[in-house]
Amino acid sequence: MLKLSDLLTPDEYALDLVRLAGSDAALGQSITSAKVQKTGLHLTGFLEHHHPDRLQLLGKAEISYLDKGGQEENLDRLIGAGILAFVVTSGLPAPDVLQKVCEKHDVPLLCTLHDTTVFVQRISRRLEEALSERTTVHGVLVDVFGIGILLTGKSGIGKSECALDLVLNGHRFIADDVVEIVKVPPTNLIGMASEVLQHHMEIRGLGILNMRELFGISSTRERKKIELVVQLTDWKSEQDYDRLGLDDRFHELMGVKIPMLIIPVTPGRNMTAILEVAARNQMLKYRGIYSAKEFEERLVRKISERRQSRPVTDEDIE
């Protein structure tokens, strides 16, 4: 649950909001909409399409209008229709009439130095993430060549060890054991560590390690879009594993299908190299290059050419 007061806390979104009016109780209201609204014509008393559950932005045009005076009645009418909070952008001074009405009705009045365009971008990202669908999964999340790879598999299969080896190779660690996932509409899944486990990894025999302290700030990142799921499994000689890569697999999370690989683990396999190649191959697919399909087409073409280059014999017919 996101409250108005949470927007005043400094974070990576740098909203830089300051309270001008409104009690602590008023700032304790919950935010339920990820959208914001330019107040505009609503200041004149035209209240159609007014959304009381959204932050109301006041930019240069709105502040200029209020500075002309005589708008207290319209502000009373607007607040009577329901207001979550007003936000004055661009560091503009809030008109006296606005502060007076907000204090009278105990409506939060906030201001920011950011201009309207920048603030809308930042507050939209903040609200979308906070109000989006969330889930948690057991796994490890790493950034390999810019591809967010979610490693899954049973406990003890070697997910954390793979992630540690990848960090030693210069890649970046995001989360171990518990990966929190936020769905950013329409189809982006952003993974991150829980607040308690952030930057920490468990390695059996070593215990809990702080990856940022061990390897520096460049070895970790706060969050990453999940672009590939790799399921690590025990090697079973009787199982038929994909050897060509022609069949695309997907793992579904919160209604989003993510490309998936099933990779068997066995002593002697260089899992780090395999995961690096998997990331590179996924990058090629983003560019429309499918190595397995190109190989298949090349093979079919060669077979067809050979058949056409020699005459059909009785042996071929038999």
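Is Asp24 buried or exposed? I looked this up before anything else, keeping in mind that the model is predicted. Asp24 has a relative accessibility of 60% and counts as exposed, because the cut-off for that class is over 50%.

**Entry: the partner of Asp24**

I found a salt bridge between Asp24 and Arg19, with the closest N and O atoms 2.9 Å apart. Arg19 is partly exposed, at 36% relative accessibility.

**Entry: other salt bridges**

I noted 13 salt bridges in the structure. I then picked out the pair Glu72 and Lys104, where the closest N and O atoms are 3.4 Å apart. Glu72 belongs to helix 3 (residues 72–80) and Lys104 to helix 4 (residues 96–105), so this pair ties together parts that lie 32 residues apart in sequence. For accessibility I wrote down 26% for Glu72, which counts as partly exposed. Lys104 is also partly exposed, with a relative accessible area of 46%.

Next I looked at Asp234 and Lys154, whose side chains meet in a salt bridge at 2.5 Å, N to O. Asp234 is in strand 15, while Lys154 is in the loop between strand 9 and helix 6, so the pair ties together parts 80 residues apart in sequence. Asp234 counts as partly exposed, at 33% relative accessibility.

I also checked for shared partners.

I traced an open sheet of eight strands, with mixed pairing and the order 14-11-10-8-9-15-17-16. Which strands stand at the edges? They are strand 14 (223–225) and strand 16 (249–253); each has a single partner strand, so one side of each is left without a neighbour in the sheet. From one strand to the next, the twist averages 40°.

Phe250 stands opposite Pro259 in strand 17.

I then looked at what packs on the sheet. Helix 6 (residues 159–168) does, touching strand 8 (134–144), strand 9 (147–152), strand 10 (172–184) and strand 15 (228–234). The direction of helix 6 makes about 35° with that of strand 8.

**Entry: aromatic rings**

I searched the whole structure for aromatic pairs and found zero. I did find charges over rings. The charged end of Arg280 sits over the ring of Phe145, 4.2 Å from the ring centre. Lys293 lies over the face of Tyr290, at 4.9 Å from the centre of that ring.

Definitions and conventions:
Residues numbered from 1 in each chain as written. Predicted model: local features only at pLDDT ≥ 70, side-chain atom pairs only at ≥ 80, totals over all residues. Heavy atoms only, no water. Phe/Tyr/Trp six-rings, centres within 6.5 Å; stacked < 30°, edge-to-face > 60°. Lys NZ or Arg CZ within 6 Å of the ring centre and 35° of its normal. Pairing = 2+ DSSP bridges. Helix = DSSP H or I, 4+ residues; strand = E, 2+ residues; numbered from the N terminus. Axes fitted to C-alpha atoms, helices over the stretch in contact; angles between N-to-C directions. Contact = heavy atoms within 4.5 Å. Salt bridge = Lys/Arg side-chain N within 4 Å of Asp/Glu carboxyl O. Buried < 20%, exposed > 50% of the residue type's maximum accessible area, 1.4 Å probe, protein only.
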